[in-house]
Amino acid sequence: MAPPAVAASTTTAMVCARQGRLQQRYEGCYRLVSGCIPYMLKEEDGESSCQDVLGRLQVLMISTPKRGDLIFPKGGWEDDESIDEAACREAFEEAGVKGIISATPLGEWIFKSKSKQNSCGLQGACKGFMFGLQVTELLEIWPEQVTHGRRWVPVDEAYGLCRYDWMREALDKLKEQLLFESNFRPLPSPEMDSSSLYMVMPAAAEGTVALC
């Protein structure tokens, strides 16, 4: 089976990211958030050990305006979608990728939105659910590419780029899931030229603020 090529779609260019919070789900005082860690395994000939799998593991991280560190795609879980559908939608909107999502979440974490990091109490509190997403398609055009660059990095390097501790914990869970789930079968990785391994840095719209 030939690996899928990078896709350029005129349909994708016409799709806009969801805006506002009219359909946002809440659990008590927590805003519910769903997201994913997009990943691929670099191709290698022959049999691979568990350690080889982790050595080939690359994750996709995204930038946000006016910050030097990186995050994973995530956003509000809305009331007209399942939790895994929300994670896939955020991956498409923020990172321009599609793929196969894990059957079970990597876990759930409590954190505050970017704009409420220094607030007291539970103001701005989110409960986030993260999934692994094996990337099968990379899009050249995606809804939020003006504000989100993207970068493939080896998983060991990703730990140093993570903005928050819970992101590093999610990486640990992803590695555990890949190594110990008996039904895991890696698919061929998308074809990428060398530029795909580095950050695609679009010009950010002035005054744009990214929230969790």
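Analyst: Let us begin with the chain as a whole, keeping in mind that this is a predicted model. Among contacts between residues at least 6 apart in sequence, 75% join residues at least 24 apart. The chain has five helices and eight strands, and from the N terminus on these elements run α-β-β-α-β-β-α-β-β-β-β-α-α. Of its 212 residues, 47% count as buried.

User: Why is phenylalanine 72 called buried?

Analyst: The word buried is used for a relative accessible area under 20%, and phenylalanine 72 has a value of 1%. Because 1% is under that cut-off, phenylalanine 72 is called buried.

User: Where does phenylalanine 72 lie, and which residues does it touch?

Analyst: Phenylalanine 72 lies in the loop between strand E3 (57-62) and strand E4 (74-76). Leaving aside residues up to four places away in sequence, phenylalanine 72 touches several residues, among them Val59, Leu60, Met61 and Ile62, and also Met130, Cys162 and Leu171. Ile37 is another of the residues that phenylalanine 72 touches, and although the two are 35 residues apart in sequence, their C-alpha atoms are 5.9 Å apart in space.

User: What makes serine 102 count as buried?

Analyst: Serine 102 has a relative accessibility of 12%, and since the cut-off for buried is under 20%, we conclude that serine 102 counts as buried. This residue lies in the loop between strand E5 (97-101) and strand E6 (107-112), and, not counting residues up to four places away in sequence, serine 102 touches Phe131, Gly132 and Gln177.

User: How do you know that the side chain of serine 102 and the backbone oxygen of threonine 104 make a polar contact?

Analyst: A polar atom of the serine 102 side chain lies 3.0 Å from the backbone oxygen of threonine 104, and a polar contact requires a pair of N or O atoms within 3.5 Å, one able to donate a hydrogen and the other to accept it.

User: How confident is the predictor in the chain, and which stretches have pLDDT below 50?

Analyst: The mean pLDDT of the chain is 78, and 67% of its residues reach 70 or more. Over residues 1-5, however, the pLDDT is below 50, and this stretch has eleven contacts in the model beyond near neighbours in sequence. Residues 9-14 also have pLDDT below 50, with six such contacts in the model. Where pLDDT is low, the predicted coordinates should not be read in detail.

Terms used. Residues are numbered from 1 along each chain as its sequence is written. This is a predicted model: local features need pLDDT of at least 70, side-chain atom pairs count only at pLDDT 80 or more; totals for chains, interfaces and linings use all residues. Side-chain values use heavy atoms; hydrogens and water are left out. Helices (H or I, at least four residues) and strands (E, at least two) are DSSP runs, numbered from the N terminus. Buried means under 20% relative accessible area, exposed over 50%, partly exposed in between (1.4 Å probe, protein chains only). Contact means heavy atoms within 4.5 Å. pLDDT is the predictor's confidence in each residue, from 0 to 100.
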